[in-house]
Amino acid sequence: MRAAIKLESDLQLTRRSFLRASAIATGGLLVSLYLDIPVSAQEGNQAPPAKVYPPDAFVHVRPDGKIVIQVNRLEFGQGVQTALPMILADELDADWSQVIAELAPAADVYKDPFFGIQMVGGSGSIAHSFKQYRELGAKTRAMLVAAAADRWHVTSDQCRTENSVVYGPGNRSARYADLAKDAAHKPVPDKVTLKNPPDFRLIGKPVKRLDSRPKCDGSQKFGLDLDLPKMKIAVVAHPPVFGGRVKSFDDKAARSLTGVREVFEIPLANGSGVAVVAEKFWPAKQARDLLKIDWDLSGVEHADSAELQARYKQLAGATGNVAVARGDEKALDRIPAARRIVAEYEFPYLAHTPMEPLNATVRFDGDEAEAWVPSQFQTMDQMTIAQVLGLKPDKVTFHTEFAGGGFGRRAVIDSHVPREAAVIAKRLRGTPVKLIWTREDDVRGGYYRPLHVHRVEIGIGPDGMPSAWRHVIVGQSLVAGTPFAAMMIKNGVDNTAVEGAADTSYQIPNFHVSAHHPTVNVPVLWWRSVGNTHTAFVMETLVDELATRARMDPIAYRHKLLKDDAKKLRSVLDLLDEKSAWRKRLPKGHAIGIAVHECFDTAVACAVDVSLENKRPKIHRATVAVNCGLAVNPLTVESQFQAGLGFGITQLMAKGAITLKDGRVEQRNFDGYTPPYIGDVPVTVDVHIVPSTEAPTGCGEPPVPVISPAVVNALAKLTGKRYRSLPLVSL
Amino acid sequence: MATFQLTVNGQRKEVDVDASTPLLWVLREDLKMTGTKYGCGISACGACTVHVDGVATRSCVVPVSLIGNRPIVTIEGVAQDPMGRKVQDAWVEKDVVQCGYCQSGQIMSAVALLKANPKPTDQNIEESMGGNLCRCATYVRIREAIKSASQQLT
Amino acid sequence: MLANDRNLFRVFLITAAVFVSWIALLTRAAIEVPESNAAVNAAQRADGLAAWNQVYSVLTSPRCINCHTATNYPQQGDDRHRHFANVIRGAAGKGVPALNCVSCHQHTNADSTGVPGGPDWHLAPLSMRWQDMNDQPLSSAAVCRAVTDRSRNENMDGPALLKHHEEAALVLWAWNPGRRPDGTARTAPPLTHAEFVAATRRWVDAGTPCPKGR
């Protein structure tokens with residue numbers, strides 16, 4: 001997803017952008033980012049054009065001392081609503097207790113500086129906005145200092161700042177709040193000097209989340225909690241097979257329920273469905289259950305997991321589109337069979353199932369609209385809503401709502417949930433409509449991590465190290481046929497399917513990775529850590545198998561196999577080695593499993609202590625070593641890794657698979673598709689961060705890939721079997 | 001439609017709803033108390049947990065008509081109880097939440113556990129919290145927060 | 001204080017109720033003539049065994065046996081799969097704090113959400129398990145032994161068993177099992193309640209004979 005989503009960025013990065021300060025009616029200093037203002041306009045007059053939407057503010061130093069910071073990302077658990085304000089507040093020398101963080105609505109200025117669209121993905125929130133938020137803080141501070149210096153007739157460098165106060169010579173001091181009005185008339189400096197890391201007051205320190213208390217007392221509002229005057233609730237009956245269409249429907253019983261307002265057919269991103277609009281959720285859901293719909297399922301492929309697996313296995317027998325071809329492809333064939341491994345892996349479809357069911361609220365007023373969406377793709381969702389309503393995007397005021405998880409599920413290229421909401425809202429002009437996807441809709445609704453088959457043939461050299469590696473990956477492309485394809489598909493290979501394998505840091509002289517991307521009628525999507533969910537599993541279980549065959553320590557073997565310049569990976573292996581001394585004295589019946597992987601520029605090594613309990617893996621503890629550059633908020637980094645490991649365990653659950661039979665999804669809810677509960681994750685996960693002052697890198701996705709291979713590597717020691725098929729149904 | 005008298009967080013409320021409506025939706029849509037969450041609708045995730053007459057109850061599967069005169073406590077009112085406040089404080093102290101969506105239910109379950117068993121073992125915690133799903137999987141810190149609240153009870 | 005008083009009163013009532021039933025059992029045991037196998041002729045025994053087989057077919061139907069497990073969890077559904085969401089037995093067969101049976105199962109069926117219910121919803125004690133650890137139903141002989149063993153069945157003799165089958169609320173629930181979440185009716189046991197009671201009576205009248213074997 002990383003290299004990936006730059007689609008609008010080529011356009012965006014050529015546009016001029018600059019900061020502007022202004023005083024606003026309610027008082028204080030507002031620092032905003034402007035785009036596309038002619039150079040001449042930035043001289044002289046600092047007053048911004050009168051503008052309600054789209055907004056452009058990043059920092060507002062209010063007269064009451066509060067400092068409101070706009071967060072250009074969705075907060076959905078990753079902690080960015082705390083971390084980005086920390087970065088800005090540190091350079092601003094703001095009083096942290098007075099900082100208020102707000103999620104910015106959709107607007108050009110809030111686009112990811114690297115990707116060029118407003119989004120959360122690719123673990124880029126901190127990595128891409130670190131410098132941006134530091135500069136915003138430092139420039140705002142410079143203006144406040146300049147205002148103080150003017151007032152005291154001193155120079156800026158005679159002043160220092162701390163806790164929202166400027167101090168000058170002779171015991172003079174002024175609060176930011178009192179300087180804000182004057183500062184608003186100061187020019188925004190082009191260049192500022194950023195702090196040296198030892199001067200950080202917040203960055204690199206464990207800071208508690210700003211959203212903790214409201215999320216513990218029930219007061220935090222998520223998208224699903226939205227309540228607007230006259231708002232109606234909508235649910236949609238989706239076709240039982242992807243792409244199916246409504247032939248006819250009988251809504252007599254449905255309409256007879258009290259509170260049901262409208263029942264009508266709507267077009268979907270794929271096929272059509274029937275929308276039910278009611279005063280409240282329960283009548284809407286009950287009415288949907290009472291609909292008698294005759295579906296036209298002819299002409300749509302009825303995908304079937306068993307059939308797909310068989311077909312993919314056949315495809316894996318032949319080389320696909322080449323992702324990487326290093327060395328001699330025939331080298332493998334010259335290695336005697338006794339020194340070869342042939343391994344075939346199977347991975348099922350996986351649903352994201354964030355805790356907050358998918359939802360979007362839209363009100364259409366004819367010449368404008370308003371939307372409230374917990375969205376990872378604000379500007380794209382806004383554009384889709386605008387298209388459906390026949391409006392320009394900036395006529396759709398788009399509010400970013402807090403989301404109860406997402407893991408990629410709220411970053412959807414066809415924006416199908418906001419699209420449905422807009423279609424329904426268009427018909428109910430003037431009335432806000434909250435569309436709710438029930439959990440059943442979510443589990444059966446597609447947009448899954450694709451089903452994959454890998455086939456790997458390895459030739460082992462006399463030294464026990466792999467000398468030839470031929471790797472074929474089969475799975476649907478995430479972006480084929482979308483605007484993302486041009487950037488993400490090269491030589492017929494979707495990078496998201498081969499990342500983590502094709503770009504491995506293991507040094508294998510003859511190394512060939514290719515991919516087939518069959519077209520299947522099941523919508524697929526990036527699932528937290530994307531291709532690494534399966535590639536890391538394949539790479540790390542095979543390398544572990546090689547280490548076992550070579551009778552070498554798994555950490556030492558990996559060190560030997562890594563390229564010299566794999567610095568981050570080496571650093572985490574060393575730290576893991578040091579912190580997992582417990583692995584040398586395991587209780588009887590326990591085994592250790594190791595895995596290491598780098599993705600999103602962050603390296604992670606993991607050791608797990610596993611035993612067998614009721615024929616299932618019991619994971620007692622995990623030790624994790626991380627190199628994510630500078631850890632902006634170590635408390636959040638620790639939390640991401642402790643919990644992200646647990647998210648990765650989804651793949652190991654007995655019911656951790658979405659399966660299709662004759663086009664129909666066989667699971668309905670958490671009873672059939674069961675992610676890990678508390679007893680499925682380790683009691684302790686100790687996280688160790690490699691000290692670093694390098695640029696911060698992602699922490700949202702890198703925790704996920706390592707746990708499954710680590711656990712399965714431990715299981716191999718306990719049962720003597722190599723598990724190459726997920727989920728782990730039986731041991 | 002029928003009228004029901006409910007006692008929620010010590011306050012009398014009257015609602016006029018279909019008798020089949022689950023308590024969850026009465027709380028969220030009629031009483032505008034959205035701290036109690038919809039996660040699955042089949043009692044598999046625990047996000048909708050409230051206390052009914054002191055019993056941790058999955059409000060998404062209990063029709064309002066079956067509540068009777070039993071008092072209801074939700075996440076919005078649990079801090080009125082010293083135990084509830086302690087658990088919430090422990091959650092903040094341990095920086096447990098990520099997306100936060102499941103945490104109302106987690107906290108309501110934890111309070112019910114600690115009221116019945118102020119000194120839970122790891123196994124007790126796994127069993128009692130075993131029906132509360134956290135998709136972010138913040139379980140390590142949930143466990144720590146329960147232990148921390150437990151220690152403060154002495 | 002008021003709540004405490006009420007609790008005390010509740011405890012008193014329960015204690016009193018237990019005492020009364022205990023007296024009743026003692027009295028009945030004293031009055032009834034103990035039946036000996038010898039007194040039951042072969043034909044009656046054969047009829048009793050046939051009746052038992054009917055009773056057994058009900059006891060091992062999903063509506064009954066799903067809560068007579070040998071494991072630490074109940075089952076659900078006609079395929080008798082393990083109950084979802086990690087529901088476990090708990091010390092008293094009523095789940096554990098925060099995950100009690102009554103966290104979901106109310107005093108009556110909740111048909112709009114598909115959750116069955118009845119008074120004091122709980123698991124049968126392990127002494128009344130009718131399955132093995134692999135969730136397979138025990139043999140007819142083994143279930144019969146368990147049901148008739150007064151050291152395991154809360155000291156119920158034949159007439160008490162009959163009364164249990166006639167009147168116990170959770171037994172009666174099996175014939176009023178409510179609707180599944182998808183709105184369809186939950187499967188009832190293979191006999192009607194009247195047939196089940198009649199079969200139990202014949203079996204009890206025959207002296208609660210049990211099949212031989214393991």
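## Helix H1 of chain B and its cover

In this predicted model, the buried residues of H1(B) are covered by elements that include H8 of chain A together with S2 of chain B. Helix H1, which spans residues 23–30 of chain B, is mostly covered, with seven of its eight residues buried. The buried positions are Leu23(B), Leu24(B), Trp25(B), Val26(B), Leu27(B), Arg28(B) and Glu29(B), and after the helix comes Lys32(B), which has a positive phi near 60°.

Strand S2 of chain B, which is among the elements covering H1(B), comprises residues 11–17 and runs antiparallel to strand S1, residues 2–8 of chain B, with seven bridges joining the two. Within this pairing, Thr7(B) has Arg12(B) of S2(B) as its bridge partner. Two residues lie between the strands of the hairpin, where Asn9(B) takes a positive phi near 50°.

## The contact of chains A and B

Chain A contributes 51 residues to its contact with chain B, and chain B contributes 48 residues. On the side of chain A, at least two residues each are supplied by helix H6 (212–216), helix H8 (281–290), helix H18 (634–648) and strand S30 (684–689); the largest share, six residues, comes from H18(A). Sorted by class, the side of chain A that touches chain B holds 22 nonpolar, 16 polar and 13 charged residues.

## The contact of chains B and C

Where chain B touches chain C, the contact takes 23 residues from chain B and 20 residues from chain C. The elements of chain B that give two or more residues to this side are strand S4 (55–58), helix H3 (103–116) and helix H4 (122–128). The residues on the side of chain B comprise 13 nonpolar, eight polar and two charged.

## A helix pair in chain C

Helix H5 (residues 158–167) and helix H7 (residues 193–205) of chain C pack with their axes 9 Å apart and at an angle of about 180°, and H5(C) and H7(C) are therefore roughly antiparallel to each other. From H5(C), the residues Gly158(C), Pro159(C), Leu161(C), Leu162(C), His165(C) and Glu166(C) meet Phe196(C), Val197(C), Thr200(C), Arg201(C) and Val204(C) of H7(C). This contact of H5(C) with H7(C) is made up of six nonpolar, three polar and two charged residues.

Definitions and conventions:
Residues numbered from 1 in each chain as written. Chains lettered and ligands numbered in written order. Predicted model: local features only at pLDDT ≥ 70, side-chain atom pairs only at ≥ 80, totals over all residues. Contact = placed C-beta atoms within 7 Å. Helix = DSSP H or I, 4+ residues; strand = E, 2+ residues; numbered from the N terminus. Nonpolar A, V, L, I, M, F, W, Y, C, P; charged D, E, K, R; others polar. Pairing = 2+ DSSP bridges. Buried ≥ 20, exposed ≤ 12 C-beta atoms within 10 Å, placed from the backbone. Axes fitted to C-alpha atoms, helices over the stretch in contact; angles between N-to-C directions. Parallel < 35°, antiparallel > 145°, perpendicular 65-115°, else oblique.
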